[in-house]
Amino acid sequence: MQDAAPGPARQEEHLSLLKVLSPVHIWALGVGIVLVGEFMGWNFTVEKGGMYGSLIAAWVVGLLYTSLVMINSEITSTIPAAGGQYAQAKHTIGPLMAFNVGLYLTMAYTMLEAANANVLSYLLTELSGLLGSSEGLSAYPFATLAIVALAFLNYRGVFTSLSINFVITAFAFLTIIALFIGIQAWNPGANMFLDGLTGEVANGLPYGWIGVIAAFQFGMWYYLGIEGTAQAAEECRSASRSIPLGSMAGIVTLIIAATLTWYVCAGLLPWQYLGTAITPLFDAARVADSDVLIILLLLGTLCATLASANGCINDASRAWFSMGRDRYLPAWFGAVHPRYRTPFRAIVFLIPVAIAFAILPVLLNNPTLLSTVITFSILSGLLGYSFMVPNFFRFRKLWPLGAVRRGYVLPFHPLPAVALGLLSAMVFFATFLGYGTVLLSILAFYFLASIWFVVRRYKYVKRGAQFTAPLPRPKGY
Amino acid sequence: MWSALEIAAWVLSAGIALWMVADLVRVGREYDEDFLTTAVEIDNVPASMDDEEDGVG
């Protein structure tokens, strides 16, 4: 279970996070967090925009994330620090933006982890029902166990936790392929009924183009979290190679998975049902009427949920840890375990926070609280994306091409950054249509947190911590 | 059977959580706080072959 750490560190040495990760782990981290969105969540795009609206959302939001991954790859391969986008903002803009981005990251991943634990306990409850149990299985113990056990894995070492993530993520992805093959999806006449996608336009676009835009908010489910690959940069053997390779392979995997998922579900389930289903891929397997596929997709859903929660613990703790290391938060959080070389205090601190958000919707018997938790996670991520646009322009200005060695150079600059900005604005608008009040509440929360930072915390921030990467003096400084 | 599973999940959660808290406290006592909280952020030296072998193992 424990990573092969090079023994307890001596006190005269300087501690650092263990550099053991390769592109495979980066792929496992990025895809692992996201793939659960293919098993559940993406289908709410169908409710908002119909079948074609969902497909358009998958590809347009896919463009947003492709731009994001490319931008991330260039900056992170140059500034390979834990905290990812937080470290980027710290170097390019300054402390207030870095604090906000760090907080977005922590909240986005912790909330997503809580939602995953909640869903996991729901799946186990369903499983007990399938196995013939008449008792209602309590969600609390299993949600709590999932969070605590995965945190333990992360506490003991990043290599093991992300190697396990690779296995369960790859398995979950293969179950989608298995479903595609099992229903002979290449032959539309075999098991699929695609009549709903042909004929009248209303079949595929029941609410017209405004429905398509409204679908963008849930279109983020296809990819939300792939940007988390940047969090592991400090633990890569070679960040300049691993981050671009792992992240690019990740977004390609996700676009394929999103398209396959949409196609299979569109052919097996009526859109009115699909738009509100909780586990659409599992339901598609049930319609296919194959015991093997049913078991595979149930296991795939479970594995995807576990992988997502595991990746979220990894990313949230890195963001929290790096803010503690720079004294944006109390220094206590910035500690590295002398044996396992993990940010152990940040990992432990976030456990009760995640458990609280996981069981509160059940405790208060308020399912809409879960959707609020998920929306909080999505919006926190989205705020981070929109901040990456000015960050990247500033990065290119401070360290122009040729000034520093880059592991990856973003092609067609500034088109990807402009696309990221425009698409983020469109998704903000889509979210406002569906969750206007939640959006404003979240903005107010971050505004108040910023005031706290400026008034109470900024005086403790390490003044030398803005430029910690071994880069030449920025142009103009 | 299911209630037994629920109890087992609680017991396991409590055991793991206690182990982590105990280890966290032990490390805090055994090591100097400055040593724990001054981790190097970006170390440009690539991982040695030893590290790689350790990682794979």
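## Helix packing and the chain A–chain B contact

The contact between the two chains draws 31 residues from chain B and 41 residues from chain A. Keep in mind as you read that this is a predicted model. On the side of chain B that touches chain A, α1 (2–30), α2 (33–36) and α3 (49–56) of chain B each contribute at least two residues. The most comes from α1(B), which gives twelve residues. Sorted by class, that side of chain B holds 18 nonpolar, six polar and seven charged residues.

| Helix pair | Axes come within | Crossing angle |
|---|---|---|
| α6 (140–156) and α13 (291–325) of chain A | 9 Å | roughly 55° |
| α1 (23–34) and α13 of chain A | 7 Å | roughly 120° |

Take α6(A) and α13(A) to begin with: their axes cross at roughly 55°, and therefore α6(A) is oblique to α13(A). The crossing of α6(A) with α13(A) is right-handed. On the α6(A) side, A146(A), I147(A), L150(A), A151(A), L153(A) and N154(A) take part, and they meet L306(A), A309(A), N310(A), I313(A), N314(A) and S317(A) of α13(A).

For α1(A) and α13(A), the axes cross at roughly 120°, so α1(A) is oblique to α13(A). Here the crossing is left-handed. From α1(A) come L29(A), G32(A) and I33(A), while α13(A) brings A307(A), S308(A), N310(A), G311(A), C312(A) and N314(A). This contact has four nonpolar and five polar residues, again with no charged residues.

Is α1(A) mostly covered or mostly exposed? The helix is mostly covered, with eleven of its twelve residues buried. Among the buried ones are P23(A), W27(A), L29(A) and V34(A). The buried residues of α1(A) pack against α2 (36–39), α7 (158–182), α10 (239–268) and α13 of chain A.

In the case of A215(A), the C-alpha atoms of the pair are 6.6 Å apart, although 162 residues separate them along the chain.

Finally, some backbone details in the loops of chain A. The peptide bond joining H413(A) and P414(A) is cis, with omega about 10°; P414(A) belongs to the loop between α15 (367–398) and α16 (415–457) of chain A. D289(A) is not a glycine, yet its phi is positive at about 60°. D289(A) lies in the loop between α12 (280–288) and α13 of chain A, and it is exposed because 10 other C-beta atoms are within 10 Å. R327(A), also other than glycine, has a positive phi near 70°. The loop holding R327(A) runs between α13 and α14 (344–363) of chain A, and R327(A) counts as partly exposed, with 19 C-beta neighbours inside 10 Å.

How values were computed:
Residues numbered from 1 in each chain as written. Chains lettered and ligands numbered in written order. Predicted model: local features only at pLDDT ≥ 70, side-chain atom pairs only at ≥ 80, totals over all residues. Contact = placed C-beta atoms within 7 Å. Helix = DSSP H or I, 4+ residues; strand = E, 2+ residues; numbered from the N terminus. Nonpolar A, V, L, I, M, F, W, Y, C, P; charged D, E, K, R; others polar. Axes fitted to C-alpha atoms, helices over the stretch in contact; angles between N-to-C directions. Parallel < 35°, antiparallel > 145°, perpendicular 65-115°, else oblique. Left-handed = near helix turned anticlockwise from the far one by under 90°. Buried ≥ 20, exposed ≤ 12 C-beta atoms within 10 Å, placed from the backbone.
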